[in-house]
Amino acid sequence: WGLELVPCIQTLGHLEQVLKWAQFSGVRASRTRIRMDSDQSMTLLNRMIEVISTTFTSRRIHIGMDEPFGVDSNSQPGGAEVAASVRRHLARVVQLCHAHALRPLAYSDPLFRLQSQQNNYYDPKVPPLSSVDVEGLPLGLDLVYWDYYHLSASEYSSMMLKHRTALIPSSSLNTSASPASSFLPLRPHQAGGRSLVAAAGAWTWTRLWASLPWAYRTIEPMLKAAKSHGVNQVYVCMWMDDGAEVEFWSAIPALTFFATQAWAAPHTTSQSVKSLASSLSWAVASVSSTSYIVAAGMDVPPGGTPGTGTSNVAKWLLWEDPLIGHLSAQLEGRNVTGYYAELYHWISDHVQLEYTDPLTGYTRDMALEYAQRVALALALKTKWQEDVRSAYYSRDVDGMKVLVGLRLQELQGAVHSLWRAHRGRWLLHFKPFGLEVLEMRYGTLRIRLETARDRLKTWLESGGIFDLEELSQRRVAPFPHLDINNLPILCWGNAATPATPSICHDSLCPLL
């Protein structure tokens, strides 16, 4: 098939899963980052790279290096000493890779962040890399420019030009038009040079379903700019930030769009690319791109425009505490329940496959069925929360009895069904490790629904006389100045509660 599995690790930041354990305290510079200019760090990284080199047949390795937040904590941004430390660290890691006959790829953002007062990779005030900025960078290294956010080819083009000084062609590298063969040069660590690789995003992170309209809008200009600058190696990222809650299969249309756009002739229209990509999605995965794009509407706030923002409101509303409801005020007056009910009915009409899948025996698109269950749970939950508040403030005891009884049972049933569907999709795509994190979130929601029932029953037993503090507090929109198309991405902790639910970042954590 001409495919190559290239291992990806981290060698500077994003190492919190390791660094939280006491036995790694000797290499810990911060909660997420290992120490630079440290022999202990190099010993750890050498062992990691050694294991990789004997586990995979690929002679390439991605060493990460992105988002080393806090690396400038003891110096001013742009400080020559800090920048030199980062380059030395990168050089030493590259040398370790070469010692194991591996050619590394590394994200380029540290080279730019250290020059920005805002630690902003894409800061337009940061000039192109100079010879000083790349001093000491070894050859036999590919720099990866990653960008999932911009909407014009000129913006991507500008960033690619800023890398120019760091790039050194190598006649030893295979730069043929075939992406498969370009990943298979002979002894790539010996090929020398420094080339540029571009990475787009499928927008799978911190959400329940891939943000396909936004992925389309960012992938197209990225790849057009890459073609214009002769960047012949590109890939697309499917990150799983904040619990890997996303339905993995929902990104298929983004992947086929990326592949189609990568091979499209320069003047191919966007609509032609989307049409070809849609056919490819159906041919290789029995996926209806149209249906998956509609399902992505779960993250488009009612009244919002698809493809104009990256919010994850479906995640907000699913995990939001059912009694406190600290986020719902942001969408007040927008008929959220009707919106998700309509989405539920639309998906229900399109979830049935036209044939029985010969591999699985399924007669329904199971990924789309998961989206259907999300929409139903959101429709029922938002309506229940709204009606509970209404009954509470109007002292409607009879109405509240129905809400605590049949209506709550219906909502709990929908959450239970969604949990089982979500668990099934996880075990289909992933190893079981990490599922416990997802199930803790469902467990929290289910317990809070039971607590809501008990609290409301207590209120009913009093004849609606005393106040429930959870409902008595006046709710305010958490983002009052933001347009409906520019609402933020929230992680589970901020969606589930206005409190800070964990001390894992605190110095009091016993693991630290």
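Which residue's side chain does the side chain of Glu-247 join in a polar contact of 3.3 Å? The partner is His-429; a polar contact is a pair of N or O atoms within 3.5 Å, where within protein one must be able to donate a hydrogen and the other to accept it, and residues adjacent in sequence count only if both atoms are side-chain atoms.

## Basis

This is a predicted model, in which local features need pLDDT of at least 70, side-chain atom pairs count only at pLDDT 80 or more, and totals for chains, interfaces and linings use all residues. Residues are numbered from 1 along each chain as its sequence is written, and side-chain values use heavy atoms, with hydrogens and water left out.

## Overall fold

The protein has 17 helices and five strands, taken as DSSP runs (helices H or I, at least four residues; strands E, at least two) and numbered from the N terminus. The C-alpha trace spans about 80 × 55 × 40 Å along its principal axes.

Of the 512 residues, 50% count as buried, meaning under 20% relative accessible area with a 1.4 Å probe and protein chains only. Among contacts (heavy atoms within 4.5 Å) between residues at least 6 apart in sequence, 77% join residues at least 24 apart.

Glu-247 lies in the loop between strand S5 (234-237) and helix H8 (252-263). Glu-247 counts as buried because its relative accessibility is 2%.

Leaving aside residues up to four places away in sequence, Glu-247 touches Leu-208, Trp-209, Ala-367, Tyr-370, Arg-425 and His-429.
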